[in-house]
There are 2 protein chains.
Amino acid sequence: MTIPVNPNPEEGDGTLSKKAQKKLAKDAQKAAKKTEKAAAQVQPEKDEVDVSVGRYGNLPMIRSSRGGEFERLYGRSFAHVKELDAKLANKDVWVRVRLQTSRAKGKQCFVVLREQSSTIQGILAVSDKISKQFVKFASTINKESILDVFASLTTVPKKIESCTQSDVELNIKELWVVSSAKPQLPLLVEDAARPVNEAEQEGLNIKVNQDTRLDNRILDLRTPANQAIYRLEAGVCRLFRDILTKNGFVEIHTPKMISAASEGGANVFTVSYFKGSAYLAQSPQLYKQMAIAADFDKVFTVGAVFRAEDSNTHRHLTEFVGLDLEMAFKYHYHEVMKVIGDLFTEIFKGLRDRFRDEIEAVKQQYGMEPFKFLDPPLILNFPDGVAMLREAGVQIGDEDDLSTPDEKLLGRLVKAKYDTDFYILDKYPLAVRPFYTMPSPDNPKYSNSYDMFMRGEEILSGAQRIHDADLLTERAKHHGVDLEKIKAYVDAFRYGCPPHAGGGIGLERVVMLYLGLDNIRKTSMFPRDPKRLTP
Amino acid sequence: MTIPVNPNPEEGDGTLSKKAQKKLAKDAQKAAKKTEKAAAQVQPEKDEVDVSVGRYGNLPMIRSSRGGEFERLYGRSFAHVKELDAKLANKDVWVRVRLQTSRAKGKQCFVVLREQSSTIQGILAVSDKISKQFVKFASTINKESILDVFASLTTVPKKIESCTQSDVELNIKELWVVSSAKPQLPLLVEDAARPVNEAEQEGLNIKVNQDTRLDNRILDLRTPANQAIYRLEAGVCRLFRDILTKNGFVEIHTPKMISAASEGGANVFTVSYFKGSAYLAQSPQLYKQMAIAADFDKVFTVGAVFRAEDSNTHRHLTEFVGLDLEMAFKYHYHEVMKVIGDLFTEIFKGLRDRFRDEIEAVKQQYGMEPFKFLDPPLILNFPDGVAMLREAGVQIGDEDDLSTPDEKLLGRLVKAKYDTDFYILDKYPLAVRPFYTMPSPDNPKYSNSYDMFMRGEEILSGAQRIHDADLLTERAKHHGVDLEKIKAYVDAFRYGCPPHAGGGIGLERVVMLYLGLDNIRKTSMFPRDPKRLTP
C-alpha cells in the first residue's frame, strides 16, 4: 500500500520580510526542541521489549575504525537509488540516502529518501519485527540527515508521482543515521527545487530568493536542477578539451598573478606580492600568444579569469572560468574562426546527446526553449548585422559597437530569420577593438575580429592578433597605450611569430545561455561579484 | 649530396660573466649590421637577370587579405616535417618552418629547418633555376625566422645525424620569409637544447642558465625537451580528468578569491577587493568539501593554487596548478586512498604508453632513470617508515613529521627494498596534520591521513576530513584556531555530510619528479616564485 507524499506547504520559508523570518526561526526553534524531546523519548524504556533493537539508531561517527563494530560493515554493498526499479522487486538492498521528508501517520511512517537527483518512497509500519520505538525514531530524524537504509524493494500499484522512482518503494528493515542535520534548516531543498511557475500559479508564494540560496549554497546545490547544471557545466569543459585535443591542441597553464595589467590598467585587482605588487590576470591572452610564439602551434587553457569591474548585472562576475584558445594559421584567420565555430557545433551536439537528463531536470524547474543551432554555424558580417538592426529601426553608425540591447535585438532578428540561437558576427569595426587586433587589409574601417553569440548574448570575443612588433607598436601608439608597460608583450613578437588568432569563452555564460537561465549566479557554483565573496 | 650540419661552437652564449655577455652582445650587434648589409645587397641589381624572381623573398605581412596576391595561397596544403621520410621521396612539398641554422658554402647554402621538435636539412645550390641572389638571400635570413619553403624531398646516401629526419633532405625551390626574427637572439635554441652532459664532457662550457632561459622563455620553450615537457604535462592533466570522470567524478570550479584565509592566516596573498580585501585561496579544499556536503559525491578540480611562502627552493612556487579531488566514502577512508593510488598507477601507465617520444626527448637533454612503479602501489604505514629510517641511523620520534631529507632518504630506502619510485605513506601522526584531519579511532597518536611520494618527494597530501561539526570545533580549539574565522567552514557540516576523504596534487611536482628533473621551474611554463613575476 502506498500513500503519495505531498509537499507540505507550511514548510516553505527562506525569504520575505525580516519579521516573517524571525517568526519562522522562532517556530523552527520550538519545533527543534520538540524534536529533541521526542528523540529523547525514543530510547526504549527498560520495562518495554523493543523487538527492533539493533536494527535502527544513530551510527557512531564513521572514523574508519579497524576492528570493532565497523569491521562487519566493510563488505556491504550499496545500491544507487536511480537504479531501483521494478526489475529489482522483492530484493533486499542497502542505500545511503538523505531524508528529504518524513510523515508519521498512526503506526506508520512515510519517508522520501533522496540520493543526488533520485528520490524513492520508504515505508515503516509497526509489525512483529518493527517496533513502535523504531517507527517513532524514524519520524523524529531531522530532514537532510544522511541514513543507511536496509529495505526490501516492492512494486506499487499506483505510481508515486512525487518521487523519481515511481514504480517502487522501500519497505524499511534497518535504518541508521550516519550524519544528522540540524533540526532547523535555512531553506528546504524541496522549496529550492520548486518549478518557478508552480509557486506563482498556485499562489503559494513559496520562493527561495537568490541571496538565500547563495548564502546557503550547500543546501541549494542539492536540488535536481543544480545537480544537473554543474554536471552539464563539467560536460562543457570536457567537450571543449576533448574536441580541441583531438584537433591537436595542447593544454597549457598560464599564471594568474602577473606583473603588469594585461589589458590596460582599468578593472584589475591588485595583489600584495611580498614587498611589491602583482595583478590578477584579466585574461590569459598574452600567455596564449607567447605559447604560439614558442611553437606550440595550437593551445587552450581553462582557468580563473578576474575582472575588477563594479558591474552588478545578471551576466557579470568578478571571477569566472575562461575557456581560452589560440591557434597559429597559415594565411587567413578564418582558418581559426572555422575551428572555433565547429567547436561550438560539436559542444552543442555533445550536450544535446549526452546530457538529456540534465537538460530535462533544469527545464522542469526553470522551463526554457530548447537551444537551436545550425551546422555549420551561421556567419554574419558586421555590416550585415548593422543593416538588420537598421531595418528594425535602430539608429547605429557604421563604426559603432553594438550595445547590449542591440545585441539582444540582433539575436532575436537572427533567430527569426535563420532559426538559430548561435551565430558568429565577423569583421568588427577596428575602432571598437583592442589595440592588438589585426586591422582588415581590405577596408581600414574594419578588423579581423569576431564575436560569437548565444541567445543574443556575447559568449566569445576573438580576433587575429597582430604578430608583427612594428605594427603592434604603431597600433598601441594610436590607442595611446603606454609602450613602456607593454614592452614585454611587444618583444614577444621579435623572435619570429606565425600569424595567429584565437578567442576567450566565458564558461558560466555558455551554460547560462545554453540552458536559457536568467542569471549567471545560477551557473557559478560559488559566484563572486562586487558584493559577494562568500561562501 | 649531403653535408651534415654541425653545431657551430662559436654560437654559444647566454651565461657567464657580465663582461663576456657584453662582448657577446657587441659581437652580435656587429654580426647583425653585417647581416643587414648583406640583406640589402640581395636585391637583384638592375642589369643582372635573376632567374629566381618570384621564388623567394619576404612575404608581405599575413593579414588575411581577400583578393590580391594571397588569394592563390589559400588552397595550399602543407606537410609536417615529422612526416617527411623516405616514403615521400621525390615528392614536392610545402612546409612552414623556422630557420634553425644556415651555412653558406661557395655557391651552396645549407639550412636546418625546424617545426616544433622535428628538424630537416635543406639545401639550395646555384643552378639554372636557382640564382646567386636566391642563395645569397637564404644565407642572410635571421635564425628563428618563420619560412614557407617549397622543395623536393630527396633521400640521402648517409644519415644526417644532426636532424630528426635523417634519411631525407629538402631541395629548396621556393623560400619566403613569413615572420623575421631579430638578428641578435638572447639565446640560441640549439644551445638551450644541448644535452646537459655533452657540454660538460666536451669542455665547451656552453650552458644556458635557468634565469636566462626564463627571461627569454619564448625561445627556451622551443627546445625539443620543453616541447615534450609541456605536452606530457597536458597529458597528466588529461589522464587525471579522464580516469576520474570514468570513475563517476564531477569536475567543479572553485573560487580563487576568498573572504578568509582557508588554511590559517600565514602564507596567504591579500587582494584589494573594491573597498575591502580578499585572499587568494591556498587550496580548494573547503569548496571541494562543500561540494561533497552538497551531494556531488565525487569531485575533482584543476586550477591555480597560491602560496605566499618566501621559499626559494627547487620545489616551491608561489602559484602552481592543483589537481584536487574529494570523495564521499561509505565506512573507511581507504576506499578513497585506493582510488587515488590506482589513479596514479593509471597515470603512470598512460604516460609510459602514450608519451614515449616525449619522455625520450627529455631524456636526451637531461638524462634520467626511468620512473618505476608497482601495481597496485606500495602502501607503508608511517611507523614502518619510521622504523626503516631508524634502521638507517636516523633519529626520529614517533610523532615527529618527516623532514625533507628524511623523505628523500626514505624514498631511496623504499626504492632499494621495493623497486618503486612511487609509494603511499599512511597514518601520519595526528600532531603534524591540520586540525580538520580525522584522528585515528584505533590509536589517538595517529590520524587517518596519508602522503604520496615520487622519487622521495611528496606530491600529494590527503586525509579523511572531519565531517562532524562538533568534533571539528573541538579539534580547532585544540589547535588554537580562531573559531570565529572558520565558522562558515564548520557550519558546512551542520546539514548532514557523508564521511569523505581526498587529496591535493601539485601538477608541476608530479611532472618534475616523473621526468627526474631537478627544478620545478622546468615544469611550470611561466613560473612564479618570490623573485619572479615575469614574463
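In the predicted model, 110 residues of chain A are in contact with 111 residues of chain B, contact being taken as heavy atoms within 4.5 Å. The model being predicted, local features require pLDDT of at least 70 and side-chain atom pairs count only at pLDDT 80 or more, whereas totals for chains, interfaces and linings use all residues; side-chain values rest on heavy atoms, with hydrogens and water left out. Residues are numbered from 1 along each chain as its sequence is written, and chains are lettered from A in the order in which they are written.

The size of an interface is often given as the accessible area lost when the parts come together. Between chain A and chain B the buried area (the accessible area, with a 1.4 Å probe, that two parts lose on being put together, summed over both) is about 9400 Å², and carbon and sulfur atoms give 62% of this area. Of the area that chain A buries against chain B, 10% is supplied by R63(A), Y331(A) and Y495(A), more than by any other three residues.

Eight salt bridges are counted between chain A and chain B, a salt bridge being a side-chain nitrogen of Lys or Arg within 4 Å of a carboxyl oxygen of Asp or Glu. One of the salt bridges joins R241(A) to E251(B), with the closest N and O atoms 3.0 Å apart. Across the interface of chain A and chain B, 66 residue pairs, both residues at pLDDT 80 or more, are in polar contact; the criterion is a pair of N or O atoms within 3.5 Å, where within protein one must be able to donate a hydrogen and the other to accept it, and residues adjacent in sequence count only if both atoms are side-chain atoms. Helix α7 (residues 224–246) of chain A contributes eleven residues, the largest share of the side of chain A that touches chain B, with helices (H or I, at least four residues) and strands (E, at least two) defined as DSSP runs numbered from the N terminus. The residues on this side of chain A divide into 57 nonpolar, 24 polar and 29 charged, where Ala, Val, Leu, Ile, Met, Phe, Trp, Tyr, Cys and Pro count as nonpolar, Asp, Glu, Lys and Arg as charged, and the others, Gly among them, as polar.

In chain A, eight strands form an open sheet of mixed pairing in the order β7-β11-β12-β17-β16-β15-β14-β13, two strands being paired if DSSP finds at least two bridges between them. At the edges stand β7 (250–251) and β13 (378–381) of chain A, each with a single partner strand, so that one side of each is left without a neighbour in the sheet. The pairing of β7(A) with strand β11 (residues 298–306) of chain A is parallel and extends over two bridges, with E251(A) standing opposite F300(A) in β11(A). In chain B, an open mixed sheet of eight strands has the order β7-β11-β12-β17-β16-β15-β14-β13. Strands β15 (residues 449–454) and β16 (residues 457–465) of chain B pair in the antiparallel sense over six bridges, and M452(B) has L460(B) in β16(B) as its bridge partner.

Over all chains, the whole structure holds 66 salt bridges. Among them is the pair D215(A) and R532(A), whose closest N and O atoms are 3.0 Å apart; D215(A) lies in helix α5 (residues 210–215) of chain A and R532(A) in the segment after α15 of chain A, so the pair ties together parts that are 317 residues apart in sequence.
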